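We will go from stop to stop, with something to select at each one.

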Amino acid sequence: MSKKQKLELTWVGKENRPRLEPRILLEKPEKSYHAAHRVGKNDIFDNRLIFGDNLLALKALEQEFAGKVKCVYIDPPYNTGSAFAHYDDGLEHSLWLTLFRDRLELIKKLLTDDGSIWISIDDNEYPYLRIVCDEIFGRVNFACTMIWEKRKTRENRRVFSFKHDYVVVYALDRKLFEGVRNAVPVTQEVLDRYRNPDNDPRGPWQSVAITAQAGHGTASQFYEIVTPGGRRILPPSGNCWRFTKKRLDELASDNRIYFGADGNNVPRQKKFLSESEERGLTPETILYADEVGTNDSAKRHSNEIFNGNGFDNPKPEGLLKRVIEIASNPGDLVLDSFAGSGTTGAVAHKMGRRWIMVELGEHCHTHIIPRLKKVIDGEEKGGITEAVGWQGGGGFRYFRLAPSLLETDKWGREVISKAYNAAMLAEALCKLGGFLYAPSDAVYWQQGHSTEQDFIYVTTQTLSVEQLDQLSEEVGPERTLLVLCSAFRGKADRWPNLTVKKIPNHVRNRCEWGHDDYSLNVENLPVAPPNEEREAPQTKRRIGQSDLFAVADEEGS
């Protein structure tokens, strides 16, 4: 009998996990962009747009941004079935779940303790998504499922006219999240409920009932109220007063109980607009189209931005505004690893949040960058621009994922990729080894550190005994140094404060090399083989030429 004591969703291939290569990120300044001048004192310039596979990008972000992302919003492929025409239903769901699970596990590591993840999804995978999220984030950290009214028109060509999608919300720690989550601004509909018929100096107010269910009341909540006009009132049958007599008298003396214009109405409590604005409104789980927009309004906006070449099913900026205003504050970091047309970054930018977006498709260049430039230049007037008073400013930095560190030469040996220069190699090996890449200007062998006393040194040289003796002396007995080189002379245990390893031997078995695409664009997957036992796809290898590591690999001890 199994010893497992919890509910679990299983699927074909669930046990298979990618051995991800922690790539470095290479900045391309010519694609980065910033405003010509500061617009406000809180302009943010260090936002990041990353071009590349989002699973590898999330792994690349792990070291620097673990525990720093306040809000994650993702709009992944919905798995409608058409993308899996060549697969049976079981494999269809298995592929989607495996690809998605791996991304969620990395996102969890990036969240702050009070952070949250918001996932747009439809009916097809919603139940499965919930169970996978329960496994990863914990069922106790499920916050809510929001229903977004994505259209207002009726679709008559289908059996049912689907008018909604879901936004599933999980927190890293629900109690912490509930303590910091923001209220939503008071809407005009709510504002219209406020009046000031008695000219109260505290301003407009609305009244609310002061009754409660009798079953939850105490003896002190059952009493007779005498109105200013002399009318005697008992609580309605099955109810009690919400306040004790003492508390009611305190509120009445502060003119917070209203008895109507003639002083004889059933009493109600006055709630002032000034006080409601300070608290805002509790977020509701239904996101109405009139408040946050629809697919149609988002598509019109997208076509305006991209001169008629917009996305078919974009999310409206109003929807992202609602998510971001609940889950974060100005200056917080927002992440979207399925950037699409760049709506999350555009909205976060206008709302004064820092942001990171990841996109593999070429629309990263054809759509996202031009859109962000318009936002930064203050030329993008649609969406939430007017609502938040956006005037432009700030900027972003563009990065791409570095190629795989190892490639296969013409003799079938794994060698360091020729795309890597010395600095890239040192940074990549720091990341692989869990070291912070921070080369010293004064000490050549201090290229990174894991603690204040533990350092790493990467070189393409073959190191002699004399060179290693000198290194050992400079490091001294109170510090340690990991030395990664093409080859070395002597026995590695000769230097107690040095750990000497050859590359690429030292990293060869660390992860999957040469795998550049873990894409969720499953429609691009190959047709399933005809036999019933389908083999897992082989990792692709890029073919390169021999370099110094191919030769150096044969040397040393």
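Start by selecting asparagine 307, in the loop between helix 9 (295–305) and helix 10 (317–327); helices here are DSSP runs of H or I with at least four residues, strands are runs of E with at least two, and both are numbered from the N terminus. Phi of asparagine 307 is near 55°, a positive value in a residue other than glycine. The side of the story to check on the surface view is accessibility: asparagine 307 is exposed, at 71% relative accessible area. Exposed means over 50%, buried means under 20%, and partly exposed is in between, using a 1.4 Å probe and protein chains only.

Before moving on, note that this is a predicted model, in which local features need pLDDT of at least 70 and side-chain atom pairs count only at pLDDT 80 or more, while totals for chains, interfaces and linings use all residues. Residues are numbered from 1 along each chain as its sequence is written, and side-chain values use heavy atoms, with hydrogens and water left out.

Next, select asparagine 199, in the loop between helix 5 (188–191) and strand 8. Asparagine 199 is not a glycine, yet its phi is positive, about 55°. With a relative accessibility of 64%, asparagine 199 counts as exposed.

Follow the chain into strand 8 (205–209), an edge strand, as is strand 13 (257–258); each pairs on one side only. They belong to an open sheet of three strands in the order 8-14-13, with antiparallel pairing. Two strands count as paired if DSSP finds at least two bridges between them. Strand 8 and strand 14 (residues 268–272) run antiparallel and are joined by five bridges. To see one place where they face each other, select glutamine 206, which stands opposite lysine 271 in strand 14.

Now for the charged side chains. How many salt bridges does the structure hold? There are 36, each being a side-chain nitrogen of Lys or Arg within 4 Å of a carboxyl oxygen of Asp or Glu. Select arginine 23 and aspartate 516, whose side chains form a salt bridge at 2.7 Å, N to O. Arginine 23 lies in the segment before strand 1 (25–27) and aspartate 516 in the loop between strand 27 (498–502) and helix 16 (548–552), so this pair ties together parts that are 493 residues apart in sequence. Arginine 23 is buried at 3% relative accessibility, whereas aspartate 516 is partly exposed at 34%.

Another pair to select is glutamate 27 and arginine 397, with their closest N and O atoms 2.7 Å apart in a salt bridge. Glutamate 27 is in strand 1 and arginine 397 in strand 18 (residues 395–401), so the pair links parts 370 residues apart in sequence.

While you are at strand 27, look along the loop between strand 27 and helix 16 for proline 504. The peptide bond from isoleucine 503 to proline 504 is cis, with omega near 10°.

For the next stop, select helix 11 (residues 343–350): eight of its eight residues are buried. Among them are Thr343, His349 and Lys350. Helix 11 is followed by glycine 352, with a positive phi near 75°.

Finish with the cysteines. Select cysteine 240, buried at 0% relative accessible area, and then cysteine 364, buried with a relative accessible area of 0%.
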